[in-house]
Amino acid sequence: MKRYKQHQLKLYNSLSGKKEVFEPLTEGYVGMYVCGPTVYNKVHLGNLRTFLSFDTISRYLRHLEYNVRYVRNITDVGHLEQDADSGEDRISKEARLQSVEPMQIVQRYTVDFHNMLNRLNCLPPDIEPSATGHIIEQIETVKNIMDKGLAYEVNGSVYFDVFKYNETNHYGILSGRNLEDLIHNSRSLDSQQDKKNPQDFALWKKAEPEHIMRWPSPWGVGFPGWHLECTSMSTKYLGPQFDIHGGGMDLKFPHHECEIAQSEACGHKDPVKYWLHANMLTLNGQKMAKSTGNNILPEEVFSGSNPVLSKAYTPGVVRFFMLQAHYRSILDFSDDALSASEKGFQKLMSAISILSQLPASPRTTGFDVDDWLNRGYQAMDDDFNTPILIAELFGAVKFIHQVKEGTATVSEDDKVRLEKQLGYFVQDVLGLELVVAENGNNHLEKVVQILIDMRAQARDNKDFALSDKIRDQLLDAGIQLKDGKDSTGFTSI
Ligand code: AMP
Ligand code: ZN
């Protein structure tokens, strides 16, 4: 029997504003679409948090033995500055600034995105379609919406008629807005002459001569609007109605609202059953964002080369730090928080590594493996509550130490079950690699720590020739030292 049959998974649906029991459209199968990055710049930790949240969600769905088709796109055209309908394309602008082809920008930052997700142990999606690879499908979607009378062409651009759509549908169903409010709050930026109303949004834009990313269409040479790609590609790979659509909270409006409008206009009734939104990673209380410069890059954390950090942190620690918050809560990034996570992570990993060496007794005392296992699953079944699952993992850590110290006992059978279930929770579901137990990093860390201590001693003795030699030779061996206020950390490069 498939595992999901024994679970009642609940997830918070942004569309209803409630936790709902998860019932996929087709039993046993899950179609999930997540908005991917706009690849015009290096991915920052905020972006990564959202992708890591959905990685964990897809991991859990797979662990429950659902047959998952996870689609996550690459936005490589159409996303203009300030998320607006006019202005320069983000990719083209970066290509202009760096004097390279737009597709070089796309390639460079797609590779960076994949590398960083790999380091954080995020699994690749099943399909990763790009907007430029689906221009034909997008043109078909525009034609379809025009055929339904819900879009109009002006001067080579096509706009979605929000007012007309709103006569029979609710524009704002996801974000809880209504057209009246939008009319009052609309930005002057969007009030372009071509549009019937400023709330209308572009499906297709005419390319001005300087706009280099351009394709022929029935309306002349142009490029697709930002929201169009997700509707076209999710429909192509998951059908007119699918189970889960995810993305960061900041995409709820206008991006996801417009996706719903486009799909409904195409005749796809209730296109998405469950809308999931991940909350933001902040730095100094402000959203991490590319545009404001208030962000940290993953490689800065892995090398410790950012002034807000006292040392380097491994990708495993960064992943653990993010999982210690629920995906719908805001998480603030700080050196103190990472340092606390590092301690917790090491404690968890070292407890797992000693589990197999624990002495077995005829019976288990001081711990109920079944209860613990159920509580762990209950946490994940309750809208993927990773912080509660981690708290349960620490319950097991405590028990392992008690057995080691002789204040509790474990039977051989329970030891094997505990080991197996920790593997499921820690590796399969949370995506944390067992660094201490399996790949011998522990030894490396100890050896490097011995050298760091010898270097500190040499410095105290004012033997700078020796201290520099230790630092340089470690660097040659691929280990970079990073001096903090009170201690020295290191990272492998
Ligand atoms: P973008 O590349 O700007 O299209 O964003 C890619 C993804 O990162 C989207 O799902 C955003 O919602 C998400 N995102 C952007 N900033 C943050 C942040 N500070 N915290 C969490 N997710 C973010
Ligand atoms: Zn999208």
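Me: How many of the 493 residues of the chain count as buried, as a percentage?

Reply: Of the 493 residues of the chain, 53% count as buried, where buried stands for under 20% relative accessible area, exposed for over 50%, and partly exposed for the range in between, with a 1.4 Å probe and protein chains only. The model is predicted, so that local features need pLDDT of at least 70 and side-chain atom pairs count only at pLDDT 80 or more, while totals for chains, interfaces and linings use all residues. Residues are numbered from 1 along each chain as its sequence is written, chains are lettered from A and ligands numbered from 1 in the order in which they are written, and side-chain values use heavy atoms, with hydrogens and water left out.

Me: What makes helix H7 largely enclosed by the rest of the structure?

Reply: Nine of the eleven residues of helix H7 (residues 228-238) are buried, and therefore the helix is described as largely enclosed by the rest of the structure. Those buried residues are Leu228, Glu229, Cys230, Thr231, Ser232, Met233, Ser234, Tyr237 and Leu238. Helices here are DSSP runs of H or I with at least four residues, strands are runs of E with at least two, and both are numbered from the N terminus. Just after H7, Gly239 takes a positive phi of about 95 degrees.

Me: Why is Glu259 called buried?

Reply: Glu259 has a relative accessible area of 4%, and because this lies under the cut-off, Glu259 is buried. The residue is found in helix H8. Leaving aside neighbours within four places in sequence, Glu259 is in contact with Cys35, His227, Cys230, Thr231, His245 and Trp275, contact being defined as heavy atoms within 4.5 Å. Its C-alpha atom is separated by 48 Å from that of Val416, 157 residues apart along the chain.

Me: What is the omega of the peptide bond between Phe253 and Pro254?

Reply: Omega is about 0 degrees, and the peptide bond that joins Phe253 and Pro254 is cis. Pro254 has its place in helix H8 (residues 252-265). Most peptide bonds are trans, and most residues other than glycine have a negative phi.

Me: Is Phe384 buried or exposed?

Reply: Phe384 is buried, because its relative accessible area is 3%. Phe384 is found in the loop between helix H12 (369-381) and helix H13 (386-405), and its phi, near 55 degrees, is a positive value in a residue other than glycine.

Me: How do you know whether the radius of gyration of the chain agrees with that of a compact globule?

Reply: With 493 residues, a compact globule would have a radius of gyration near 23 Å, and because the chain has 26 Å, the two are taken to agree; the radius is taken over C-alpha atoms, and the globule rule is 2.2 Å times the number of residues to the power 0.38. Along its principal axes the C-alpha trace spans about 75 × 60 × 35 Å. The domain assignment gives domain 1 (3-278), domain 2 (282-438) and domain 3 (441-492), with bounds that come from an automatic or database domain assignment. The C-alpha centres of domain 1 and domain 3 lie 47 Å apart.
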